[in-house]
Amino acid sequence: MLAAMPRPATSPSPPGDSSPRDRSDACPGTLRLHRADDGALARVRVPGGLLTAAQADVLGAVAERLGDGELHLTSRGNVQLRGLRPDCGGELAGLLGEAGLLPSARHERIRNIVASPLSGLDGRGARDVGPWLSRLDALLCAGEGTAGLSGRFLFVLDDGRGDVDALGGDVTLLAQDDGTALLRIGTAPTAVRIPGAQAPRAALVAAETFLDRASGTGAWRVPDLPGGADALREEVVRRLRATVPGGLATEDRVCPRGSDGPVPGVVTGPDGATALSVGIPLGRVGPARWRSLTDTARRRGRGELRLTPWRGVVVPGVERRESAGLLDALAATGLVVGPDSPWSGVGACIGRPGCARSLADVRAQAAASVGPVGLLPVYWSGCERRCGHPRGEWVDVVATPDGHRISLVRGEERDTPVSVPDGPGGLAAAVAAARRARG
């Protein structure tokens, strides 16, 4: 049984390669399309996952007009458009630009900012990070040098609840109850305490310092740097002392954080504020489901949608008395509206036939093996790259030439993998056993 798999004595590297690269950054964007087996692919950066209903309408219309008709949500709260015509780049850029989704052509791939999706909605965070989000995005788009960041460099804005802090940002801001912020470089256990009002500027300084130190090294992200986060933090502190007014303290320890996103259902906050949280099965949403969300946001909410790094959507500003009925209507379209859905915690990469590297149609396999509720999260990958895999504790299912390999991942640790050959019944049972293992 997978529950009895031994843990290693040391912590091997997590999925993915974090070594410096010797080639240019090929991360797709809106202006740089990526060729996939199902057509061209565009990745639209949505800082903080924040969309107006009008912008969401445009994304849905573009997917139907130019692509496969679906929106594919990513683990950073962005949107991928797939199945695009290879010659549609100019038309795509024009439509997204008119909608305000392309504020700077030079910076469109580096607007990688995740933020606590429920910030300012449920009263739990230390502060609403919305102002940080808009200010940081403006600073990034205004900077000449920041255009040199890679398409993978990640900014994280955590309102103090610890949800997005666990996503492995290169530069993280953590709101504190006393109005200050902690600036974390990479995943270091210590952070720099700074005035809350100066947090976006401090994040920009950290990114600019990274660019200076990364020059000539081939580093795309903080772990790629020679010396890693420690050496970078020392230089960031020195620059902050010279550029950020209002006081600066160093070496505050950051408490360990979780990685759970919003639970599907009704989100209640102070003064009667209410929002809806829904999940998107496998992060893939077609026209009918997307219109049900945008219509709800426009007609019953405050005209806003928040995409989450857990491939869900939050609709703020609904009337509490209408919330149950609205959830029922969304559930009727196939969206996940409660924690008791068998889709909870189930994720997968695009797999076959969309990706040439994939060895299996992992989305179909995931759908056939959703299992009961209350189990460990599981992520299905068509190859060793594990695109879009989660953080924290999860079951890793990777397609191989002869079947699949299954292991438990707990942070930086990975249990000894178990190989499951192709064959009827065995794979679903092995995955279910792994998802029940918490020892």
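The model is predicted, so local features need pLDDT of at least 70 and side-chain atom pairs count only at pLDDT 80 or more, while totals for chains, interfaces and linings use all residues. Residues are numbered from 1 along each chain as its sequence is written, and side-chain values use heavy atoms, with hydrogens and water left out.

Trainee: Which peptide bond is cis?
Mentor: Look in the loop between β17 (346–348) and α8 (362–367), where P353 is found. Helices (H or I, at least four residues) and strands (E, at least two) are DSSP runs, numbered from the N terminus. The cis bond has omega near 0° and runs from R352 to P353.

Trainee: Is D271 buried or exposed?
Mentor: D271 is in the loop between β12 (265–268) and β13 (274–279), and has a positive phi of about 60° although it is not a glycine. Buried means under 20% relative accessible area, exposed over 50%, and partly exposed in between (1.4 Å probe, protein chains only). At 85% relative accessibility, D271 counts as exposed.

Trainee: What is the relative accessible area of R311?
Mentor: R311 isn't a glycine, yet has a positive phi of about 60°. R311 sits in the loop between β15 (304–307) and β16 (312–316). R311 is buried, because its relative accessible area is 15%.

Trainee: How many disulfides does a search of the whole structure find?
Mentor: A disulfide here is a pair of cysteine sulfur atoms within 2.5 Å. Searching the whole structure gives a count of zero.

Trainee: How far from C27 is the nearest cysteine sulfur?
Mentor: C27 is buried, with a relative accessible area of 6%. C27 is in no disulfide, and the nearest cysteine sulfur belongs to C387, at 10.0 Å.
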